[in-house]
Amino acid sequence: MDRHDMLLSPAGVDALRTALTRAGFTANGIADRLGPQATGAVARNDFRAALRATEDRDPLATLIRVFICDQTEPEPAVAAALAPLTVEEALAGGLVERHGDGLRAGVDLEPYGDDWFVLADVPASARPGRPLHAQHVLGIGGATQTLIGATVRRPVETALDLGTGSGVQALHLSTHARRITVTDVSERALRFAATTAALNGQDWELLRGDLVAPVAGRHFDLVVSNPPFVVGPGTTTHVYRDSGRVGDAIGAELAAAAPHLLTEGGTMQYLANWVHVTGEDWAERVTGWFAGTGLDAWVIQREVADPMAYVNLWLTDVGETADPQRMAAWLDWFDAHKVEAIGFGIVSLRRAGHDEPVVRVEDLRQRVEPPLGDRVAEWFDRQDWLRARGADGLLAARYRAADGLQLRQEATMGEEGWAVDRQVLAMPHGLRWSEEIDPLVLALVGGADGRLPLRDQLALLAAAHDVAPDELAEAAGPIVAHLVERGLIEPVAD
């Protein structure tokens, strides 16, 4: 895709950048102008204090009123704020639009991070009663932020953003990838992404096509995707949410494509929805996506919604709340397929080059210590360590309990005092896992002080509990591997 295929001409992009930076229309500049209370209120879509703080209509004030508070402002004030970009250029590019006796935002122009700008379509919430365009380009929403936080941020040579939309994922990739390719099925989305790239002084390869089709035969060190993952009968009304695939097939399709997209050691991460079918284990269903891929996979379910809440969410998202027939058809499809809930989560895959890949599909709905991407990278590192050791290596290694590890007990008062009913190991940081354990595992973790190899530690436990050392070692191997995978105990470097 040509760099000139943008909302504005290259000269217009340069003029817009000049206007924004000259006015101080950055995240920090806006926060300084409004103050903490008004800035916090804006985040809740309460613009009253922000409007009071910008009544003087200098360029920064006008830009805040137009692009942050969605106000209609007099054309002379908007012209002064956008100069050297002319109003005619801004209108032609859709940056602003005529409304009443002035101009208002035609796009969502959001200062982002320290010095980035992201362009997207104006959200439905800002224009009640106006349904979204079929090729609506989504801004920075909750799902976007989830993927941003979950992405592994280690340096790579090549990165791919599948279904880029506004290009915000690619902006983050630019901090640790030397070359970036972005794709989207929507020509409109690619125009926004191209403008976002140019406005931020970046040069991406932009390709149009459905999912992986534009990059067939190519390999990347890191692939990220916030795809149109919404689950339903396969009806396509809005490209940012509807893939045209029936049910949750897009998640399986991306899993099948991953081995052909990744370099050796490469990582792919994407958001997905999956159905919970009555009488079936959702985790087994999702595990099936990775059969035969040869990839390590870690899938974490972060949220679960019932069908009614799910349909309401997505109809509201595009302003379709007044369409009872659409709602009924969607719910009927869920009923016909015995869908009792829909899960949302993050899929992280890695091409590790091993004959026995590790696949974990599990709930992780507790708050985790951000960024989640660091936790994902550490999980893969632990898999490498475990795979390299084998059973004998596990026994030869020394371990220590993770920093801050807590023991929580539940007990019942009886005639002879407190009787412990349940003991749980809990991590107060990181992934904040909690694990119910038995007394033997508690003794194992309690003795993990980094001094003795596991084999010697187990020999002491075997003697104390009158158990054969070999039997205890055989039983303890999978338990120790699980504790290491969870990060509850850590290997001590030799």
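I looked up Pro371 and placed it in the loop between β12 (359-363) and α15 (372-396). A cis peptide bond joins Pro370 and Pro371, with omega at about -5°. I noted that this is a predicted model, where local features need pLDDT of at least 70, side-chain atom pairs count only at pLDDT 80 or more, and totals for chains, interfaces and linings use all residues. Residues are numbered from 1 along each chain as its sequence is written, and side-chain values use heavy atoms, with hydrogens and water left out.

I then checked Pro84. The peptide bond from Ala83 to Pro84 is also cis, with omega near 15°. Pro84 sits in the loop between α6 (75-82) and α7 (87-92). For reference, most residues other than glycine have a negative phi, and most peptide bonds are trans.

Next I turned to phi. Asn45 is not a glycine, yet has a positive phi of about 65°. I found Asn45 in the loop between α3 (36-43) and α4 (48-53). Its relative accessibility is 57%, so Asn45 counts as exposed. The cut-offs are under 20% relative accessible area for buried, over 50% for exposed and partly exposed in between, with a 1.4 Å probe and protein chains only.

Lys338 is another entry of this kind. Its phi is positive, about 55°, although Lys338 is not a glycine. Lys338 lies in the loop between α14 (324-336) and β11 (339-350). At 54% relative accessibility, Lys338 counts as exposed.

I looked up the annotated span. The UniProt record, an unreviewed entry, gives "domain: DUF7059" for residues 22-105. UniProt positions are in the numbering used here, feature names are shortened, and annotations may be inferred rather than shown by experiment. I read the span as 57% helix and 10% strand, with the end C-alpha atoms of residues 22-105 lying 19 Å apart.

I followed the hairpin next. Strand β1 (residues 96-99) runs antiparallel to strand β2 (residues 102-105), and four bridges join them. Two strands pair if DSSP finds at least two bridges between them. Glu97 has Arg104 as its bridge partner in β2. Two residues lie between β1 and β2 in the hairpin, and Gly100 in the turn has a positive phi of about 60°.

Then I traced an open sheet. Three strands form it in the order β17-β13-β18, with antiparallel pairing. β17 (449-453) and β18 (489-491) stand at the edges with a single partner strand each, so one side of each has no neighbour in the sheet. The twist averages 30° from one strand to the next. Axes are lines fitted to C-alpha atoms, for helices over the stretch in contact, and angles run from 0 to 180 degrees between N-to-C directions.

Strand β13 (residues 398-401) is joined to β18 by three bridges. Ala401 has Ile489 as its bridge partner in β18. I saw helix α18 (residues 469-486) lying across β13 and β18, at about 95° to β18.

Gln169 is in helix α9 (residues 168-173). Leaving aside neighbours within four places in sequence, I listed the contacts of Gln169 as Thr144, Leu147, Ile148, Asp161 and Val224. Contact means heavy atoms within 4.5 Å.
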